[in-house]
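User: I am new to this structure. Please take a close look at a single helix, and then walk me through its surroundings.

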Amino acid sequence: MIRQLLPGPVACWDSFDDHRPAAVHRAEAASVRGATPRRRQEFANGRYCAHRALRRLGVPAAAVPAGDRGAPRWPDAVVGSITHCRGYTAAAVARRTDVVSLGIDAEPHRPLPEDVLEFVARPDERSRVRELLAARPGVHWDRLLFSAKESVYKTWYPVTGRFLGFQEAEVVIDPVAGTFRALVPDTGAAGPGLPGALAGRWEVGNDLVVTAIAVPAPEGER
Ligand SMILES: CC(C)(COP(=O)(O)OP(=O)(O)OC[C@H]1O[C@@H](n2cnc3c(N)ncnc32)[C@H](O)[C@@H]1OP(=O)(O)O)[C@@H](O)C(=O)NCCC(=O)NCCS
C-alpha cells in the first residue's frame, strides 16, 4: 500500500503477515531485549521490511538498531521510516541525496476514541474532522488525522532531534486529492532542509489508513 504514496526515489517494502518468523541482527535485538513476545515480533516485522527495502534501494545489508527516542538508526547515506499495526507492517527508505526525511504511518481504519481526538487535534482540526465525518462518512477522518500527525513526527524528529507535541502541528486534509499539508510554526527554522509546510499523501484500503511524507532534497543536491 505504501508504495503508491511515495515518490520514485523511495524504496518500500510492506507485509500483511504479522507472524512471519523474522531474524534480526544482533545490534537490533538489543533494542527489544526484555520486551514482550508481541513487541519483539512487531519489531522483527519492521526490521524484515526495513532490510528488504534497503536491498531494493541497492544499499549494502546493514543493521537498523533503534536510536534516540526510538527512531531507527539507518545507514549514513539513508533516511527512512517504519510503521506497524495489526495486520500490516511497512518500511520506506531513500538516499539522503534524494530525500531529506520521510515518515510513514499505518493505523486500523476505525474511529479514534473521542478523548484521543481531543488530545491530538487542535480546535480547527476537530471542526474540520467533524465536517468531513458528516459530509463523507466512508472514511474515519479522525483516524486519518492522527496517522498524518504520526507521519509528521517521524519526518520531523530525525532532522530536528526534538519532540513535537500533537498540538504543535496543524494538519489540513484534502479529502479529494488524497493529500494533506502539515504546518508547524517554526518548521523552517527547525532543521536543515525542512520546508515551512510538510506535504503528505494518504490512502484508505484493506481496513487500514496509511499516510506518508517525503521531503525532497533541494534540486542542487540531487
Ligand atoms: C513514535 C510514534 C510516532 C510511533 O507511532 P505509532 O503509531 O505508535 O507506531 P508505529 O508502529 O506506526 O511506528 C513505530 C515506529 O516508529 C519509529 N519511531 C519511533 N520513534 C521515532 C522517532 N522519534 N522518530 C522517527 N521514528 C520513530 C520506530 O521505527 C518504531 O518502530 P520500531 O520501534 O519497531 O522500530 C508515537 O508512538 C509517538 O510517540 N508519538 C508522539 C509524538 C507525535 O506523534 N507527535 C505528533 C506531532 S504532530
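The model is a predicted one.

Start with its length. At 1.5 Å a residue, the 20 residues of helix 5 should span 28 Å. The C-alpha atoms at its ends are 28 Å apart, which agrees. Just after helix 5 comes G161, and G161 takes a positive phi of about 65°.

Now turn to a partner. Helix 4 covers residues 123-135. Its 13 residues should span 18 Å at 1.5 Å a residue, and its end C-alpha atoms lie 19 Å apart, which agrees. The buried residues of helix 4 are E125, R126, V129 and L132. These four cover an arc of only 130° around the axis, which puts them on the same side of helix 4. An α-helix has 3.6 residues a turn, so residues three or four places apart point the same way.

What does that buried side meet? The buried residues of helix 4 pack against helix 5 (141-160), and also against helix 3 (114-120) and strand 5 (170-174). The face turned away from the buried side carries exposed residues: P123, E131, A134 and A135.

Some polar atoms pair up here. An N or O atom in the side chain of T83 is 2.7 Å from an oxygen atom of the ligand. The backbone takes part too. A backbone N or O atom of R69 lies 3.1 Å from a nitrogen atom of the ligand. For G70, a polar backbone atom is 3.5 Å from a ligand nitrogen atom. Taken alone, the ligand exposes 920 Å², and the protein buries 83% of that.

Last, a residue for contrast. R56 lies in helix 2, residues 37-57. Its relative accessibility is 54%, and the cut-off for exposed is over 50%, so R56 counts as exposed. Leaving out residues up to four places away in sequence, R56 touches A11, C12 and W13. M1 is 55 residues from R56 along the chain, and their C-alpha atoms are separated by 16 Å.

Technical notes: Residues are numbered from 1 along each chain as its sequence is written. This is a predicted model: local features need pLDDT of at least 70, side-chain atom pairs count only at pLDDT 80 or more; totals for chains, interfaces and linings use all residues. Side-chain values use heavy atoms; hydrogens and water are left out. Helices (H or I, at least four residues) and strands (E, at least two) are DSSP runs, numbered from the N terminus. The expected span of a helix is 1.5 Å times one less than its number of residues. Buried means under 20% relative accessible area, exposed over 50%, partly exposed in between (1.4 Å probe, protein chains only). The arc is that of the directions from the helix axis to the C-beta atoms. Contact means heavy atoms within 4.5 Å. A polar contact is a pair of N or O atoms within 3.5 Å; within protein, one must be able to donate a hydrogen and the other to accept it, and residues adjacent in sequence count only if both atoms are side-chain atoms. Accessible areas come from the Shrake-Rupley method with a 1.4 Å probe; for residues, only the protein chains shown count as cover.
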